[in-house]
Every structure is written in C-alpha cells, then in structure tokens.
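Please consult the sequence and the coordinates alongside the text.

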Amino acid sequence: MGAVEAKLAELGLSLPDVVPPLAAYQPAVQSGPYVYTAGQLPMVEGKLPVTGKVGAEVTAEEAKELARTCALNALAAVKSVAGDLDRIARVVKVVGFVASASDFTGQPAVLNGASELLGEVLGDKGVHARSAVGVAVLPLDAPVEVEIQVELA
C-alpha cells in the first residue's frame, strides 16, 4: 500500500473498484504525464445511493458527501491507468456538475466535497483549479458528477 492509499485508510476510506463505463468511453485515459478521468458518478457498490435534483430531492449537505464519493471514484479511475496513486504530482483541475433545482445556486459548496477530499488525501498536491456547473439533469438522475485531471510524476 502506498502513501496515498495509507492516507485514505487513515481517513477510514478505501479505494473502490473502478466504476464501469455507462457508454462508449474509458473511465480514465493518460496522455503524456496527464490522466483525465471521465465524469464519475457517486456510485457505491454499483448503485447510486440517492437520485434527484440538489435543492429539491437532495440537500446540499447530501450532495457534498456525494461529491466526495465522486472524487474517490475518480482516484480509483486514475489508479487504473497510473498503477499507483503515489505517482500523482498534483491535481490540475476538477470539473463538477450539479443537477440543480431551478433556484439552487450552491454548486461551489457542493463541489467542496470533492475538493476537500482531494486536499485531505493528497495535501498540497490536491490543490487545483475548479469549475462548478449547475445542470438540468445528469446520467441516471445522479445529483453530482465529477471529473479530475492529474499530472503524474
């Protein structure tokens, strides 16, 4: 077990299996020193724990936790191509999508769930640029979807 996975264990987390693609794409691809993940849903053991719009059926607090799950799934996707999470030199960018009720404007706070997890696990290497976007609907009626881009050492 590497240092990153040891940190996950210290936080009471474990790296899940890579979420299988829902369509014609790969969970992650490497180009040069960069790994780009596909959008990761908050799947837990192959299922979404909750569905619906944030600000309606799903609270912002629930969505923040789901964003953490998305980030954990993204790290699993990175490991699937990098082989070892200790190769991460830094997280470059996080893009998050929040299926939002029409009056919900707290997308950045929801995506803090993903950003905070990456910081807890990777320290300074987890500091990144980010976009938080509200959308009408996500695949499988997921409340949140997160993709990350990392640079490998």
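Strand β1 and strand β2 (residues 34–37) are paired in the antiparallel sense over four bridges. Two strands are taken to pair if DSSP finds at least two bridges between them. Helices (H or I, at least four residues) and strands (E, at least two) are DSSP runs, numbered from the N terminus. Across this pairing, Gln30 stands opposite Val35 in β2. The two strands form a hairpin with two residues between them, and Gly32 in the turn has a positive phi of about 60°.

The model is predicted: local features need pLDDT of at least 70, side-chain atom pairs count only at pLDDT 80 or more, and totals for chains, interfaces and linings use all residues. Residues are numbered from 1 along each chain as its sequence is written, and side-chain values use heavy atoms, with hydrogens and water left out.

## The sheet

Five strands make up an open sheet with mixed pairing, in the order β1-β2-β5-β3-β4. Its edge strands, each pairing on one side only, are β1 (28–31) and β4 (129–135). Direction ignored, neighbouring strands of this sheet are turned by 15° against each other on average. Axes are lines fitted to C-alpha atoms, for helices over the stretch in contact, and angles run from 0 to 180 degrees between N-to-C directions.

Strands of a sheet pair through backbone hydrogen bonds, either parallel or antiparallel. Both senses occur around β3: β3 and β5 pair in the antiparallel sense over nine bridges, whereas seven bridges join β3 to β4, which run parallel. On the β4 side, the bridge partner of Ala99 is Val135.

## Val98 in strand β3

Where does Val98 lie, and is Val98 buried or exposed? Val98 belongs to strand β3, and its relative accessible area of 0% means that Val98 is buried. The classes are buried under 20% relative accessible area, exposed over 50% and partly exposed in between (1.4 Å probe, protein chains only).

Not counting residues up to four places away in sequence, Val98 touches Val54, Phe104, Gln107, Val110, Leu111, Val133, Gly134, Val135, Leu138 and Pro143. Contact here means heavy atoms within 4.5 Å. From C-alpha to C-alpha, Val98 and Ala3 are 31 Å apart in space and 95 residues apart in sequence.

## Packing of helices α2 and α3

Two packed helices are described by the angle between their axes and the distance between the axes. Helix α2 (residues 60–82) and helix α3 (residues 107–122) pack at about 45°, with their axes 7 Å apart. The two helices are therefore oblique to each other; angles under 35 degrees count as roughly parallel, over 145 as roughly antiparallel, 65 to 115 as roughly perpendicular and the rest as oblique. The contact involves Ala60, Ala63, Lys64, Ala67, Arg68, Ala71, Leu72 and Leu75 of α2, together with α3 residues including Val110, Leu117 and Val121.

α3 lies across β3, β4 and β5, running at about 145° to β4.

## Helix α1 against helix α3

The axes of helix α1 (residues 3–10) and α3 come within 8 Å and cross at roughly 115°. Val4, Lys7 and Leu8 in α1 meet Glu120, Val121 and Leu122 in α3. By residue class, this contact has four nonpolar, no polar and two charged residues.

## Loop residues

Gly123 is placed in the loop between α3 and β4. With 34% relative accessibility, Gly123 counts as partly exposed. Gly123 and Val4 are 119 residues apart in sequence and, C-alpha to C-alpha, 9.8 Å apart in space.

The loop between β4 and β5 holds Leu140 and Asp141. Phi of Leu140 is positive, near 60°, in a residue other than glycine. Asp141 likewise has a positive phi, of about 65°, although it is not a glycine. Leu140 counts as partly exposed at 48% relative accessibility, and Asp141 counts as partly exposed at 30%.

How values were computed:
Nonpolar A, V, L, I, M, F, W, Y, C, P; charged D, E, K, R; others polar.
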